[in-house]
Amino acid sequence: MKNTVLSFLIGQRNKEIKEFLENPIHIQNEVLNNLIRKAKDTEFGTEHNFDLINNYTDYINNVPVRTYEEFYSFINRSRKGIQNVIWPTKINWYSKSSGTTNSRSKYIPITKESLFKCHFKAGKDMLALYTSNFGNTNIYSGKGLMLGGSLDKLNSSLFQQGDLSAILIDKFPFWVNMHRIPDKNTALMSNWEEKLSRIAEQAIKSNITNLTGVPSWMLVLLKHILNITDNDNLSEIWPNLEVFFHGGVNFNPYRNQFNEIISNSNMNYLEGYNGSEGFFAIQDLKDSKGLLLLLNHGIFYEFIDLKEYNKGKNKPILLDAVKLGVNYVIVISTNGGLWRYVIGDVVSFTSLNPFRIRVVGRTKSFLNVFGEEVIVEHADQALLQACKKFKAIFDEYTVAPFFISNSSSGRHQWLIDFSKEPNDIDQFAKVLDENLIKLNSDYAAKRTNNLVLKEPEVILIKNNEFYKWLKYNNRLGGQNKIPRLRNDREIVDFILNQR
């Protein structure tokens, strides 16, 4: 009976996926029309003449592109309990995120429609795609270990707020909770250290077949479980573990560590790209480096060339005009009440039929103090290649500019926490520099003759300074992460002062 129901649900999801694969542009036009029709009588819709919008040209002529700061006044009115501001149905949840580049909290509206027709719908798609493309699965014979954040304790009847993952866990349908650990009270705890111990206790006693969470925090939990059970490998504890559904950060820097602690040769890793603003893409093929863009989940997409965006030019293009290999800033309009909203992620298309993307960085997470234009993807690749050569493994890193006194030159300071250090840190820094020169022509130009940029400096982090920074900023657990690249020294100076 269970397999019959499961097969039916998977069939339904695959049918919808096939529909937008075959008619992507048509589906996206329908999404935009439905969003405008749904919200035409809201304050935002009235102010921006939604009743007069008949096509995309009308839409861009009436609605400007906005960042969070520019859109905040609408969100703020909604959070005060004023209804029908940006979306016609009541907004009961706000995802609280400090992001990776700003200490100020952001509050992203989560509507009933975005919760069920975007986040939960995409979660079902992830299971459908896994079941269809990754062979026979037994994940439903056991339980899933899901690692999430916490909900804020508010004296308010207007809404709940907290980490997106906590909102999802709190509102999961009963059938999901039947197959998930930890229990809801533990999952939503705010004390990370206590939560870690309680999750480990429950997980050790369970038949875990699948994992879900952010790689960095999942590693912390899994290493803790290995430590308290005195095991070397998770396959000794969970012989039926077969898949890790991950997202939030680039998985490649963590892949070797997962391979070391999970010996199962049939272990699978499936990536999802989601955020507070929506669930955007899923890895639909086992060996694909691109993620399938979800086009019928209540999100209308536009894209701005990153180079143009950095010049202050906000002129997006649609899917039918994107090109391979170009870095684009994503602009979205959603069933969560966001309109032509810049989410801050930068993506590049790996395929145009179907549309697949990969996340290459953030609009504010880059290095360009000296004109080097280094994005996170460049930094990740250069570091991974250096680690491969020196047989090193890193846990976390961050990079910031360093200005050399009495000189026009500067350098990058790399703060790296290694779980397995290179045997020669100076040579490691040299290879890291050489890799980045090969990957980035702008960086290479600035490194010429050391005139603008001198060789990078690598500083070893050994005493949990990254963890201390996260704890100091109330970012332990959930979907929080260490910012990789910053154009200021706020994080680096804090960490160096802790040493």
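Below is a short exchange on how terms apply to this predicted model.

Me: What kind of model is this, and how are residues numbered?
Reply: The model is predicted; local features need pLDDT of at least 70, side-chain atom pairs count only at pLDDT 80 or more, and totals for chains, interfaces and linings use all residues. Residues are numbered from 1 along each chain as its sequence is written, and side-chain values use heavy atoms, with hydrogens and water left out.

Me: Why is Asp-125 called buried?
Reply: Buried means under 20% relative accessible area, exposed means over 50%, and partly exposed is in between (1.4 Å probe, protein chains only). Asp-125 has 0% relative accessibility, so it counts as buried.

Me: Where is Asp-125, and what is it in contact with?
Reply: Asp-125 sits in helix H6, residues 112-133. Helices are DSSP runs of H or I with at least four residues, strands are runs of E with at least two, and both are numbered from the N terminus. Contact means heavy atoms within 4.5 Å. Neighbours within four places in sequence aside, Asp-125 is in contact with Arg-13, Ile-17, Ile-282 and His-297.

Me: What makes Asn-84 partly exposed?
Reply: Its relative accessibility is 28%, so Asn-84 counts as partly exposed. Asn-84 lies in the loop between helix H5 (68-79) and strand S1 (93-97). Asn-84 also has a positive phi of about 65 degrees, although it is not a glycine.

Me: Which residue is 45 residues from Asn-84 along the chain, with C-alpha atoms separated by 8.5 Å?
Reply: That is Ala-39. Ala-39 belongs to helix H2. Ala-39 has 0% relative accessibility and therefore counts as buried. Leaving aside neighbours within four places in sequence, its contacts include Phe-50, Trp-87 and Trp-339.

Me: How do you know that Arg-340 is buried or exposed?
Reply: Arg-340 has a relative accessible area of 4%, so it is buried. Arg-340 lies in the loop between strand S12 (327-334) and S13. Its phi is positive, about 50 degrees, although Arg-340 is not a glycine.

Me: What makes a set of residues a nonpolar core?
Reply: A nonpolar core is a set of buried Ala, Val, Leu, Ile, Met, Phe, Trp, Tyr and Cys residues joined through side-chain atoms within 4.5 Å. The largest has 64 residues, and Phe-303 and Trp-339 have the most contacts inside it. Helix H2 (residues 24-39) gives the largest share of this core, 6 residues. Another core, of 44 residues, lies apart from it; Leu-147 and Phe-251 are among its members.

Me: How many disulfides are there?
Reply: A disulfide is a pair of cysteine sulfur atoms within 2.5 Å. By this rule the count is 0. Cys-118 is buried, at 1% relative accessible area. Cys-387 is buried too, at 4%.

Me: At what angle do H17 and H18 pack?
Reply: H17 (residues 465-472) and H18 (residues 490-498) pack at about 115 degrees, with axes 9 Å apart. Axes are lines fitted to C-alpha atoms, for helices over the stretch in contact, and angles run from 0 to 180 degrees between N-to-C directions. Residues in the contact include Trp-469 and Tyr-472 of H17 and Phe-494 of H18.
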